[in-house]
Amino acid sequence: MNTFRIRDIIILGFMNFALFVGAGNIIFPPFIGLQAGTSVWTAAAGFLLRGVGLPVITAIAMAKAGGALSAVTRPVGRVCGLLLAVICYLCIGPFFATPRTATVSYELAVQPFTGSERWLPVWSAVYFGIVILVSLYPGRLLDTVGRFLSPVKILALIVLAVAALAYPAGQPRAPEGVYATAAFSQGLTSGYLTMDTMASLAFGLVIVNAIRSRGVTSGRLITRYAVCSGLIAGAGLALVYLSLFRLGTGSTGLTVSATNGAQVLSAYVHHVFGAGGDAFLGALITLACLVTAIGLTCACAAWFSSVTRISYRAYAWFFAAFSMLVSNMGLTQLIAFSVPALTAVYPVFIVLVLTYFIRTRFYSPARVIAPAALVSFLFGIADALSSAGISVWPFMLVQFLPLHNQGLAWLLPSVAVMLAAAVADRWRSPPSLTEEG
């Protein structure tokens, strides 16, 4: 049985961090910083709660589950668990997250020089060609990502963070729109868009497999190393987010009609570094997005091949090709489509992850957790319809519930149902030997 040295654990943590820091992690904080203005740190608190806190907790749960998503979804039954897993992998894979990495990298690496989206199909073809070349060899991820790509990516992010702190391009302005009245809740809602909590569910298997590829066979050591890597990744994410929030607040006046964070980031870097900065940012974003796209493609292909008879390589090719096609929708359109979908499915995954740590306390975990998961899913659908501006009775009644503005209308009903189910579970459990006398 092999063991990891401290250096190996750090490399694994860097790899985990590099897998997370992709398109959403880089484009959303600058836009929030610009719009939130003087309320940026209130918005940042909400964003970090969902964008860092939940992903780290999920990473710990997946480490304890040995990277098996089925262990997390077990209380809802095999069929529902399988359906949820499919939804999870498709959302963080070819439907939203993976194509978004290509569109973000195009907007920041190519569009500043071409001035249009005309070359996006060519870019996406080359981009996903590189993704598939690396993804076909998942056993080498710790070498290609952990030892080479991750340090380069981290160094570039450090340069950007120092610039954001040392060279603000303006003073924070008054908060705009929702940030003027509900900065924390809006930041909380925006934390969904990074998809990091769902990515943690997928990357758990990638991290565990990377540890096993080094000959580690002890379940206890695999869990320990995976947890350490998750904590390292969480600390790195928090630092990156804080620097990008600062960058956004200091970009006042640089962008008049920005519709996404990629435009804010591009304007700031051009202002501070000039034409050379455009090339630097393009290289940074492309590297960051490539690593995430590789990780997501590996995760999706590994999971789908494990539950079907189709090979890993076939799935890797399929998901890379499908993601390439979807990426040609463009960044703003992808974000618009992803918001309702993620709002609908996130709550049920949060319930399953958080209850993973306490399910051994129940006589029948399924009897307690499944009803709460169902309620969270129904209320998630209601929130999604509301965010899309669709009024359907009785789902429209969700707007009258507490925490609706925070995107948490599902929370109190789910907790109430779980508490009631826990009481029923305790009441229906068989008497202990002591009670039987």
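A: Helix H6 is largely enclosed by the rest of the structure, because 13 of its 13 residues are buried (under 20% relative accessible area; exposed is over 50% and partly exposed lies in between, with a 1.4 Å probe and protein chains only). The model is a predicted one, in which local features need pLDDT of at least 70 and side-chain atom pairs count only at pLDDT 80 or more, while totals for chains, interfaces and linings use all residues. Residues are numbered from 1 along each chain as its sequence is written, and side-chain values use heavy atoms, with hydrogens and water left out.

H6 covers residues 97-109 and reaches 18 Å from first to last C-alpha, close to the expected 18 Å (1.5 Å times one less than the number of residues). Helices here are DSSP runs of H or I with at least four residues, strands are E runs of at least two, and both are numbered from the N terminus.

Helix H14, residues 275-307, can be described in the same terms. H14 has 33 residues and reaches 48 Å between its first and last C-alpha, close to the 48 Å expected. Of the 33 residues of H14, 26 are buried, so H14 is also largely enclosed by the rest of the structure.

The axes of H11 (residues 196-212) and H14 come within 9 Å and cross at roughly 85° (lines fitted to C-alpha atoms, for helices over the stretch in contact, with angles from 0 to 180 degrees between N-to-C directions). H11 and H14 are therefore roughly perpendicular (65 to 115 degrees; under 35 is roughly parallel, over 145 roughly antiparallel, the rest oblique). On the H11 side, Ala202, Phe203, Leu205 and Val206 make the contact; on the H14 side, Gly295, Leu296, Ala299, Ala302 and Trp303 do (heavy atoms within 4.5 Å). This contact has eight nonpolar residues, one polar and no charged (Ala, Val, Leu, Ile, Met, Phe, Trp, Tyr, Cys and Pro are nonpolar, Asp, Glu, Lys and Arg charged, the others, Gly among them, polar).

Helix H1, residues 6-20, packs on H14 at about 100°, with the axes 7 Å apart. That angle makes H1 roughly perpendicular to H14. Ala18, Leu19 and Phe20 of H1 meet Ala288, Val291, Thr292 and Gly295 of H14. By class, the H1 contact with H14 divides into five nonpolar, two polar and no charged residues. Gly295 of H14 is listed in the contact with H11 and in the contact with H1.

Ser251 sits in the loop between H12 (219-249) and H13 (261-273), and its 1% relative accessibility counts as buried. Beyond neighbours within four places in sequence, Ser251 is in contact with Leu34, Ala169, Val264 and Tyr268. Tyr356 belongs to H16, residues 331-356, and is buried at a relative accessible area of 17%. Tyr356 touches Ala61, Lys64, Ala65, Ala71 and Val72, leaving out residues up to four places away in sequence.

As a whole, the protein has 19 helices and zero strands. Its radius of gyration is 22 Å, close to the 22 Å of the globule rule for 437 residues, so it is as compact as a globular protein of that length (taken over C-alpha atoms; the rule is 2.2 Å times the number of residues to the power 0.38). The C-alpha trace spans about 80 × 55 × 40 Å along its principal axes. Buried residues make up 55% of the 437. Among contacts with a separation of 6 or more, 82% join residues 24 or more positions apart.
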